[in-house]
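Please look at the sequence and the 3D structure shown here, and then read the briefing that follows, which begins with a single residue and moves on to its surroundings.

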Amino acid sequence: QVQLVESGGGLVQAGGSLRVSCTTSGRTGRNIPLDMGWFRQAPGKEREFVAGISWSGGSTLYSDSVKGRFTISRDNAKNTMYLQMNTLKPEDTAVYYCAASRTLRAIPPGNSRQYDYWGQGIQVTVSS
């Protein structure tokens with residue numbers, strides 16, 4: 001099985017930056033190729049796609065709401081994916097979830113149903 005653990009969340013002022021990380025572990029998590037992504041869920045709202053990255057890191061996908069402000073990256077040697085969040089806005093406040101897909105695609109999926117593994121989530125709060 002694959003376990004995903006998020007870290008790096010917290011409280012930041014609007015306009016600030018924050019980086020969240022997702023580390024893959026488990027008996028097979030370190031050895032299998034995975035497309036990965038970030039989703040978020042704000043109170044009273046549905047979970048939404050934020051960004052995705054292919055196994056090689058050569059393909060990325062962003063939601064329109066974060067494009068140009070957030071950058072997704074990964075270091076497969078460290079089994080870790082990152083989401084660098086700049087110019088944060090109060091509407092970015094949410095629980096951020098890391099997700100992984102065993103199916104490799106040319107473009108990482110933006111649909112949550114195409115992901116097989118999920119982290120527990122980490123809170124990101126942006127104050128105005």
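**Thr 80 and its sheet**

Thr 80 lies in strand β8, which covers residues 80-85 (a strand is a DSSP run of E with at least two residues, numbered from the N terminus). This is a predicted model, in which local features need pLDDT of at least 70 and side-chain atom pairs count only at pLDDT 80 or more, while totals for chains, interfaces and linings use all residues. Residues are numbered from 1 along each chain as its sequence is written, and side-chain values use heavy atoms, with hydrogens and water left out.

**Surroundings of Thr 80**

- Thr 80 counts as buried because its relative accessibility is 9%, where buried means under 20% relative accessible area, exposed over 50% and partly exposed in between, for a 1.4 Å probe and protein chains only.
- Leaving aside residues up to four places away in sequence, Thr 80 touches Ser 21, Cys 22, Thr 23, Arg 74 and Asp 75 (contact means heavy atoms within 4.5 Å).
- The side chains of Thr 80 and Thr 23 are joined by a polar contact of 3.4 Å, that is, a pair of N or O atoms within 3.5 Å, of which, within protein, one must be able to donate a hydrogen and the other to accept it, and residues adjacent in sequence count only if both atoms are side-chain atoms.

**The sheet**

- An open sheet is formed by 4 strands in the order β1-β3-β8-β7, with antiparallel pairing (two strands pair if DSSP finds at least two bridges between them).
- The edge strands, each pairing on one side only, are β1 (3-7) and β7 (70-75).
- Thr 23 in β3 is the bridge partner of Val 5.
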